[in-house]
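I opened this model to look up how it is divided and what packs against what. My entries follow in the order I made them.

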Amino acid sequence: MRYLPKSPAERAEMLATLGLDSIEDLFASIPEPLRQGSSLAIPAGQSEYEIREYFEARARESGRGYACFLGAGAYNHYRPVVVDSIATRGEFLTAYTPYQAEISQGVLTTIFEFQTMVAQLTGMDVANASMYDGSTAVPEAGMMAVRITRRERLLVSRALHPEYRQVLDTYYQRQELPADTVAFDPETGQLDLADLEAKLAPDVAAVILQTPNFFGIVEDVREAAELAHRNGALLVVVFSEAASLGLLAPPSEADIVAGELQSFAHPPSFGGPYVGILATKQRYIRQMPGRLVGQTLDSHGRRAFCLTLATREQHIRRAKATSNICTNQALVALMATVYMALMGKRGLRELAEQNLSKAHFLASALQASGAELRFSGPFFNEFVARPTRRSANEVNELALRSNVIGGLELVRFFPELEGTLLVCATETSTREAMERYATCFRRKPDG
Amino acid sequence: MGRIRQHQTQDEALLFERSSPGKIGYQLPRMDVPETDPLEALGAKLVRNDVAGFPEVSEVEVIRHFTRLSTWNYAIDLGLYPLGSCTMKYNPRLNEAVARIEGIIDAHPYQPECLAQGLLRIQRTLEMYLADITGMDAVTLQPAAGAHGELTGLLLIRAYLESRGNARRTVLIPDSAHGTNPATAAIAGYEVREITSNRRGMIDVEAMRAMVDGSVAALMVTNPNTVGIFEQDIAQVAGLLHEHGAQLYMDGANMNALVGVARPGEFGVDVMHLNLHKTFSTPHGGGGPGAGPVAVRRHLEPFLPVPRIQSTSEGLRFDSNRPSSIGRVRAFYGNFGVLVRALAYILAHGGDGLRNATVDAVLNANYVRKGLEGHFDLPYDAPSMHECIFSDALQAKHGVKTGEIAKRLIDYGFHPYTVSFPLIVRGALMIEPTETESKRELDEFVEAMQAIASEVKADRDLVRKAPVTTRTSRVDETRAARRPTVIWNDDGRN
């Protein structure tokens, strides 16, 4: 087998060195009745060619060559080729977690740069080396707030990504900790601040809101922060569309920022792997979950980096750790780091402006063809449209016939938003494709 | 920084230190729609100034920066990486290629199911193969890593026990366990009680008998355990737990010793996770991403996270209507790209091939053990599976500890073994070579370790100041933790 680097003669020689007659003797310590009853039912090993063909066939059974207007937590952005050139280098791809700092300075330095750029983008003081994804970063932020405030209740915006909310419920309900939702304003689509104010009680550890929220609407973080802080609660700001950070005011008023960096050079990849981030104020650094890289010196006094504050982590603190997270998303974080380096200060701004323009163009085009915007709040690159001449489902069925995957039917998560679509446009959406999609909103053509 | 030094790899300034206003590494496509004014669309309050401190560098500098940094890493592609319980095996490049096929890498998680049949088939097939390998009845691919799988597994146990009236209070964990086990139990809302290993490095069934009662929800066990020994009494352990209505959780971190040889489902395990980034060859990437699928016996299946993949007359679909489910543990369906890579690995080996890989993994570990016996102290003489554990007892007499031996190993061109773990062995050296090492590589490793053992006796200072051949000498970790600097700033330069 091509992945096993030994000849039969070498195997025999090694067995002889061990004084064993057969390879079966290697497993003598497994009691006979506990050994496998039958061999694996997996077919015989295949060649590289066959395996490639297998996956090509699976890809052909899936959507290829469609223009896609889905966002909702997974975004289509252009990926510069440099990103993969770096991320497929064996020295990054096949390295382990950088516990041995002297031979891991490459990984450690890039993580330090990642942490720095995440902090700059989010307006926080510190950021960790990554979380699994945006959805799992949210309960980690929530648990962190519970540790800091010694309070238990979370107030969660209903306009937080519904699947993020479901993940939070799973983590939280099993710990028997209380969580309530805060309504969104049915007109603007923004967090209902009156509802928030009414629900803020002395047991609230944190308010969790997303911006741009699940409906693409940009929230006023400042007002929510004021309300939360006045009640001794922390504010956790979540984002799933990192491209917005090139343009939107950073959520500096937040105490913790939890988000998803998939937009930075990782394709949607059917939902993963992505890369979560967690950033916070300096004073909460010791309550953070996950790995952190810090700057130090080597024995010759030269700048060096290493994993630090490990006493927060499971391999040292065990049952008292700030989180059980061990493996994170380092390689995807590296891809985001390379992307941020390429785009730089100007590129991120320009990217965000293009996204804003494309989405506003698409919104106008859909309105002209037969749709209204469901919410009046300001939006970035996603918006909720209600088709007025056809049903949402009909629009998308028609779109598929012209090789367009339309927006997400929101009834799936919000029964009260039946008949609406969450539509996303990015810098990769061409005018031609947007117009093709808009056509599907028109009344049936005559004749 | 930027000073020339006499080493093939020069010092490398950080991105922020290379930055100069106006340099760019990108060009966006020309806009084909009218521009929207951000201030008009969003209002001044919601728009930021530029991202202060963000770098401005050119494409060629980006390539050089990261390429130079990459040369400062050790990697499997460079040689043996014998970290115990980490299973650092060769990461086939084919896996990278197939994960990037158009239609797979650009698939949106919400694209219509009729346009995702191939992707659902990939998941379905992987679930089936993992069920076969583990001897379990159902598999969820949603957890993003091993620890995430552990949490999922314990939540399943909790939901199952709740459905029978009582979630119970305690999880038993052997003192040899990975740190994630107790950390996970705590997050799942359980108290941890530690079981002391016996003199053979295994669970002491008699001691355990006294601890199991109606308050115990589960035992979390790694098998083979972190001492690299197969838990021979595992069936009795399972029986004892089941007698008291408790569940057996298996941490599958060491599954590389069992694939094709023994199925946990056949020795009484109720729920377990697998680390696809260990046993199934997906790259560690400097710390992730991984994937931590969870396999369960039939009675736990109703509680698995949503959505589940369902087979219908119109093809495969996602089913979220499962009232007993613990809910979601992650958005979408898991680290799909990692799942693709793992399936490519399984297809390449095939059933018999996977077993051959296990055989070679165990052969390699025992070969290394044989080579080091006598030079290092062997705390347990029970037969090794896929990894072997020594202690620094012989070297400690000369004032040299496992961590220093590890650093010296770097000078010989190898990544260190796992240092000071498991905790039940004082000064542990935990060595897992995996099956993808040649005899020659193993011989050289053994030779290096023997040489270090001799150096300890002859010139211990040489060992204690290692590594001496690396571009970065011994890193001061204490200093880093004292006043943590975790982001770059202008005046924080050294």
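Entry 1, domains. I looked up the division of chain A in this predicted model. Chain A splits into domain 1, residues 67-78 + 344-439, and domain 2, residues 81-340. I read a distance of 27 Å between the C-alpha centres of domain 1 and domain 2 of chain A.

Entry 2, the contact between the domains. I find 25 residues of domain 1 of chain A and 24 residues of domain 2 of chain A taking part. On the domain 1 side, the elements of chain A that give two or more residues are α11 (330-370) and β12 (382-387). Which of them gives the largest share of that side? I noted α11(A), with seven residues. Sorted by class, the domain 1 side that touches domain 2 of chain A has 14 nonpolar, eight polar and three charged residues.

I traced an open sheet of four strands, in the order β11-β12-β15-β14 (chain A), and its pairing is antiparallel.

I then followed one of the pairings. β14(A) pairs with β15 (residues 421-424) of chain A in the antiparallel sense, over two bridges. For Glu409(A), I found Leu421(A) in β15(A) as the bridge partner.

I also checked what lies over the sheet. The helix α11(A) lies across β11, β12 and β15 of chain A, and runs at about 135 degrees to β11(A).

I looked up the buried residues of α13 (residues 431-439) of chain A and listed Met434(A), Tyr437(A) and Ala438(A). Seen down the axis of α13(A), the buried residues fall within an arc of 100 degrees, so they line one face of the helix. I asked what covers the buried residues of α13(A). The cover includes α11, α12 (392-401) and β13 (404-405) of chain A.

I find 175 residues of chain B in contact with 163 residues of chain A. Helix α10 (residues 336-372) of chain B supplies the largest share of the chain B side that touches chain A, at 23 residues. By class, I recorded 99 nonpolar, 47 polar and 29 charged residues on the side of chain B that touches chain A.

Key. Residues numbered from 1 in each chain as written. Chains lettered and ligands numbered in written order. Predicted model: local features only at pLDDT ≥ 70, side-chain atom pairs only at ≥ 80, totals over all residues. Domains from an automatic or database assignment. Contact = placed C-beta atoms within 7 Å. Nonpolar A, V, L, I, M, F, W, Y, C, P; charged D, E, K, R; others polar. Pairing = 2+ DSSP bridges. Axes fitted to C-alpha atoms, helices over the stretch in contact; angles between N-to-C directions. Buried ≥ 20, exposed ≤ 12 C-beta atoms within 10 Å, placed from the backbone. Arc of directions from axis to C-beta.
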